[in-house]
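I opened my notebook for a friendly walk through this structure. My entries below follow the order in which I looked things up.

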Amino acid sequence: MKRVVYSMEPVGRTGGRVYLRMLHEVTADDVEWRTVPDHKRTYRVRRWRKLRHLARLAPSIRALHGTTGTFVWDDLSLLLFTPEMRARTVFLLHHYEPLQHDSAPIEAMLWERLFRVLPQCAAVVCVAPYWADQLRARGVRNVRVIYNAFDMAEVEQARGYDRAECRAEFGLQPDVIGVYAGKAVHWKGTEEVSAALAGVPGLRVITSGSNTIGLDSAHYDVERERYLRLLRACDVGVFLPRMREGWSRCAAEALLLGLPCLIRPVAGLSDLAALAGQPAPDLRRLPAQVRERAAARHTEAKAGYEALARFDLTYFGDAWGDLLAQVA
C-alpha cells in the first residue's frame with residue numbers, strides 16, 4: 001500500500017519546481033502524491049504576491065488539518081500548519097534570499113517566524129551544505145542535504161548530440177566562443193557577464209529562460225531538448241549570481257554537458273564550485289579567463305562531469321525514499 005504524501009503542486013520551470021517534480025516522479029511507485037495549488041506565480045503584479053498566495057491558500061491548508069499522511073513542503077504556508085502537522089512534515093529549503101521578497105516588510109517577518117517553527121518539523125532538507133549550516137546556526141537540528149539530481153540517461157543523450165550541428169543551429173561560427181551565462185532573470189548576474197564581455201571579438205554571450213530583465217543578448221526561451229542542445233553548442237559557462245542560491249541547476253547541467261565553468265562562490269554555488277573544481281570569475285580579466293577555460297575544455301570538463309554524475313536518479317530516489325520511510 002502506498003504511503004500518502006502531500007505537497008505543493010510541482011508546476012513551473014524554476015529549480016525548486018524541477019526538484020519537486022523529480023521527487024514526485026522517482027517515488028511514484030511507493031508514494032501517492034496529493035497536491036494543493038501553488039498560486040505564487042499566477043499573479044501579474046509582483047507586489048504583495050506572497051501575501052495574496054497565503055490568503056488564497058489558507059482554506060486548502062485548513063482542509064488538511066484532519067488528514068493523515070506526511071507532508072513535503074517548501075513554502076511559507078508551513079506557517080498555516082498546526083504543530084501536529086509540522087511534526088509530520090519534511091520541509092525543503094532551497095535558499096533564503098531577501099532580494100526576492102515581494103511583500104516587504106511583512107515577508108521578512110514571516111520568514112523569521114518560519115525559521116523559528118522549523119525545529120517542529122520531522123526533518124529539513126537542503127540542497128547544499130551551505131544552507132544546512134545556516135539552518136543549524138539558527139537552531140534547526142534535524143537537517144540533511146539531498147542534492148539536486150539529474151537524469152543521466154538524458155544527460156548522456158545530450159552529450160551525444162553532434163556539436164557542430166548544435167552550434168550551427170544557434171548561429172555559432174567555428175571561431176566564436178559561446179559563453180553560457182545562465183537564466184536571464186533577476187539577481188543571477190547575467191547583466192554583469194554581458195557587460196564584461198560586450199564587444200569582445202570572438203565571444204558571444206548566450207542566455208536562457210524567461211528574460212525578465214530584458215537583456216539584449218543572444219537569448220533563447222526554449223523547451224527542454226533545445227535547451228540541452230544550446231548547452232551542447234556552448235564552450236564555457238560563466239555564473240555570477242548576486243543572490244544566495246541553493247545549487248544552481250543551470251551551472252550543474254552546464255558542467256554535466258562538458259562546459260568548463262567560472263562560478264562565483266556565493267552560498268550554495270560555493271559548494272558546487274568546490275565539488276566540481278571550478279574557479280571563480282574575475283571581472284577585470286573575464287575575457288582572458290573565458291578564453292583560457294575554452295582552451296582547456298577537453299581536460300577541464302571531465303572533472304566537473306565526474307563530480308556530478310553520481311547524483312543520478314537512483315541516488316535521489318534512495319535518499320528521499322529512506323527519509324520518507326523514516327518520517328512515516
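**Entry 1: a cut-off to begin with.** Before reading any side chain, I wrote down what the burial words mean: a residue is buried under 20% relative accessible area, exposed over 50%, and partly exposed in between. I also noted that this is a predicted model. I then looked for a partner and found that the side chain of arginine 284 meets that of aspartate 282 in a salt bridge, with 3.1 Å from N to O.

**Entry 2: the overall build.** I stepped back to the whole protein and read off 14 helices and 11 strands. The radius of gyration is 20 Å, close to the 20 Å that the globule rule gives for 328 residues, so the protein is as compact as a globular protein of that length. Along the principal axes, the C-alpha atoms fill a box of roughly 65 × 45 × 35 Å. I looked up burial next: 54% of the 328 residues count as buried. For contacts between residues at least 6 apart in sequence, I noted that 67% join residues at least 24 apart.

**Entry 3: surface and charge.** I put the accessible surface down as about 14,200 Å², with 52% of it belonging to carbon and sulfur atoms. On the charge side, I have 45 positive and 38 negative side chains. The centres of these two sets lie 6 Å apart.

**Entry 4: salt bridges.** How many salt bridges does a search of the whole structure find? The search returns 23. I reminded myself that side chains of opposite charge can pair when their charged atoms come close.

I picked glutamate 97 and arginine 244, which form a salt bridge with their closest N and O atoms 3.6 Å apart. This pair links distant parts of the chain, 147 residues apart: glutamate 97 is in the loop between strand 4 (89-93) and helix 4 (106-117), and arginine 244 is in the loop between strand 10 (236-239) and helix 10 (249-256). Is glutamate 97 buried or exposed? Glutamate 97 has a relative accessible area of 8%, so I filed this residue as buried. Arginine 244, at 26%, is partly exposed.

My next pair was arginine 224 and glutamate 154, whose side chains meet in a salt bridge at 2.9 Å, N to O. Here too the pair links distant parts of the chain, with arginine 224 in helix 9 (residues 224-233) and glutamate 154 in helix 6 (residues 152-159), 70 residues apart. I found arginine 224 partly exposed at 35% relative accessible area, and glutamate 154 partly exposed at 24%.

I also came across a network of salt bridges that links Arg49, Lys50, Asp102 and Glu107.

**Entry 5: around serine 103.** I went on to serine 103, which lies in the loop between strand 4 and helix 4. Its relative accessible area is 0%, so serine 103 is buried. What does serine 103 touch, not counting residues up to four places away in sequence? I listed Arg47, Trp48, Arg49, Lys50 and Leu51. Arg49 and Lys50 also belong to the salt-bridge network that I noted above.

In that loop between strand 4 and helix 4 I also placed proline 105. A cis peptide bond joins alanine 104 and proline 105, and I read omega as about 0°.

**Entry 6: two tryptophans with positive phi.** Tryptophan 48, one of the residues that serine 103 touches, has a positive phi of about 65° although it is not a glycine. I located tryptophan 48 in the loop between strand 2 (31-36) and helix 2 (49-63), and at 32% relative accessibility it counts as partly exposed. Tryptophan 187 has a positive phi as well, near 70°. I found tryptophan 187 in the loop between strand 7 (177-183) and helix 8 (190-197), where its 17% relative accessibility counts as buried.

**Entry 7: leucine 79.** My last stop was leucine 79, in the loop between strand 3 (70-73) and helix 3 (83-86). Leaving aside neighbours within four places in sequence, I found leucine 79 in contact with Arg86, Leu110, Arg113, Leu114 and Val117.

Conventions. Residues numbered from 1 in each chain as written. Predicted model: local features only at pLDDT ≥ 70, side-chain atom pairs only at ≥ 80, totals over all residues. Heavy atoms only, no water. Salt bridge = Lys/Arg side-chain N within 4 Å of Asp/Glu carboxyl O. Helix = DSSP H or I, 4+ residues; strand = E, 2+ residues; numbered from the N terminus. Buried < 20%, exposed > 50% of the residue type's maximum accessible area, 1.4 Å probe, protein only. Contact = heavy atoms within 4.5 Å. Rg over C-alpha atoms; globule rule 2.2 N^0.38 Å. Areas by Shrake-Rupley, 256 points an atom, 1.4 Å probe, with all protein chains shown as cover. Lys, Arg positive; Asp, Glu negative; His and termini not counted. Charge placed at Lys NZ, Arg CZ, Asp CG, Glu CD.
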